[in-house]
Amino acid sequence: GPGAEWWRHAVIYQVYPRSFADASGDGIGDLPGITARLDHLATLGVDAVWLSPFYTSPQADAGYDVADYRDVDPLFGTLADADRLLERAHGLGMRVIVDLVPNHTSDEHTWFRAALAAAPGSPERDRYLFRDGAGPDGSVPPNNWRSIFGGPAWTRVADGQWYLNLFDSKQPDLNWENPEVRAEMESVLRFWLDRGVDGFRIDVAHGLVKAPGLPDWDGTVAMVEGTEPPAGTDDGAMDGGADGGADEASTGAGNRGPMFDQEGVHEIYRSWHRVLAEYDGDRALVAEAWVEPLSRLARYVRPDEMHQAFNFSFLTTRWDVPALRRVVTASLQAGDAVGAPTTWVLSNHDVVRHVSRLGLRDAGSKPKGIGQGDEQPDEALGLRRGRAASLLMLGLPGSAYLYQGEELGLPEHTTLDDDLRQDPAWFRSGHAERGRDGCRVPLPWQADAPGFGFSPTGATWLPQPRSWGAYAADAQDGVPGSTLEMYRAALRLRRESELGTGSLAWADTDGPVGWDRTHVLALVNRDVLVLTNVGPTPVGLPAGALVLVASADLDGDADAPLVPTDTTVWARLA
Ligand code: TEU
């Protein structure tokens, strides 16, 4: 029927509730603020909205620490506000997916409070991963695992036992061997499916099941991902991320070792697939799994598991044509092998905004935050490359994820005062990582309003850079060549030409004007040529090509346009 498997080609827009739009005036975004701004997303032309967590939470990790999976935090509104948001989005023809955080709860969840009050070995403790410590007095953590945010992955409680927390100590990991945990999370899925959500983004999907016995990890093989798999394996051929070396593809989450990507996670997703299949309307599951290589990630999207998974290999690739080409090829192959659509992601709430990554000397590398005293990105160069990267991404077949503000070309806030930072990664890493606050700054809606119109009072929970007036939505609306209008044009053309369900043919081998394959990425998707010039000199388009949209002004004249450096153009071939 209509809309069947809509997610295969969807453009899905991530809303980070605390920073999208504030209706209450407290400087923190909320659900009524989102609802009031849904027109912006409908006009942009996205198919769906993904909401980061808005559930009851002490906000130790900005809501990824959930205390009640079935209610809305008062910061963000009420359940009735969630219902209104869903209704309004659906009325505008957009789907809504919500975040599910099944790897851990908040330490303020009733289950964890009960576990603390109960004795070692009790059923209450068995919902989490409590263990006795090592050493004569049990004061040594049960194993050597480290938290993703820094420090040991174990926290000691009053009676001397330890509990596992792969993230913050306020995010105790659940025990997924416990049937009660499985039943509860399925019930949470149903709660939101019954309210009408179209799917779920599954947080840390590769982490739920740990290796039996929680063995020590000889981490030398790595928290460094993207290292080359053994030569001659299939995985090697699929591993787009390996192209630029270990650092380039390092996701920071660590997918190897006993805490991630265990075989047992797949049975969980098979059971969730069956739950979603009971509902009408093509509900979908998307895995957030920092798993490499791509063939390994593809196992999460086998036909009876999740519907798609974030493909972070594009995000972690440098601004280099051969590397981009390999990643695109490998991504499409990996998806094809299991019949799942590839996804494309350039930015999200966990990484430095792509416009700023691409403005660094080591363009495209994935720094763990940028702050005062760090190398500052070249803002103009980054914006130029960022727009080119976005237009390339939107021309590819598959599903694309946008992060709020990227349609405005927003850069990272790279000079945020360190004493304003709230990301637990900043604290737990002993300030070694700047953390993720710089990509979470409240959006600028109006160039001339206090707080750029984020809130009716002008309040913003993090300060916005002064330069953001130029990026405000109202400053770009209707302005030819603005980033907002580029995104709108691309999404309209993508829909009209059905690029999301198209297929890719490389066109950069022996192009009619002899494109240099080290500098030019050229592909044809249906009848649209998508050409990115990364090289130092302008390149020509085939005779008669009709330019549809470009990420920068073209050189030459209308009959013979030239694509300048760091520019992507879409053209219809004659
Ligand atoms: O992130 C999972 C993850 O492992 C990384 O993206 C991680 O946040 C980053 O490397 C730390 O610097 C998900 C969420 O997207 C993230 O916001 C949460 O903090 C995390 O899970 C815990 O729920």
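Biologist: How do helix α13 and helix α16 pack, and at what angle?

Modeller: Two packed helices are described by the angle between their axes and the distance between the axes. In this predicted model, helix α13 (residues 379-394) and helix α16 (residues 483-496) pack at about 10°, and their axes lie 10 Å apart. Angles under 35 degrees count as roughly parallel, and α13 and α16 are therefore roughly parallel to each other.

Biologist: Which residues of α13 and α16 make the contact?

Modeller: From α13 the contact takes R387, L391 and L394, while α16 supplies T483, M486, A490, L491 and R494.

Biologist: Is G77 buried or exposed?

Modeller: The way to read this is to count the other C-beta atoms within 10 Å, where 20 or more make a residue buried and 12 or fewer make it exposed. G77 has 22 such atoms around it and is therefore buried, although its place is in the loop between β4 (68-72) and α4 (79-91). Not counting residues up to four places away in sequence, G77 touches D30, L31, P32 and V72. The C-alpha atoms of G77 and T56, which are 21 residues apart along the chain, are separated by 9.9 Å.

Biologist: And where is S467 found, and is S467 buried or exposed?

Modeller: S467 is found in the loop between α14 (424-428) and α15 (473-476). With 10 other C-beta atoms within 10 Å, S467 is exposed. Along the chain S467 and A284 are 183 residues apart, and their C-alpha atoms are separated by 38 Å.

Biologist: Turning to the whole chain, which domains does the domain assignment give?

Modeller: The assignment gives domain 1 (6-104 + 179-490), domain 2 (105-173) and domain 3 (504-572). Taken over C-alpha atoms, the centres of domain 2 and domain 3 are separated by 56 Å.

Definitions and conventions. Residues are numbered from 1 along each chain as its sequence is written. This is a predicted model: local features need pLDDT of at least 70, side-chain atom pairs count only at pLDDT 80 or more; totals for chains, interfaces and linings use all residues. Domain bounds come from an automatic or database domain assignment. Axes are lines fitted to C-alpha atoms, for helices over the stretch in contact, and angles run from 0 to 180 degrees between N-to-C directions. Helices (H or I, at least four residues) and strands (E, at least two) are DSSP runs, numbered from the N terminus. Angles under 35 degrees count as roughly parallel, over 145 as roughly antiparallel, 65 to 115 as roughly perpendicular and the rest as oblique. Two residues are in contact if their C-beta atoms, placed from the backbone, lie within 7 Å.
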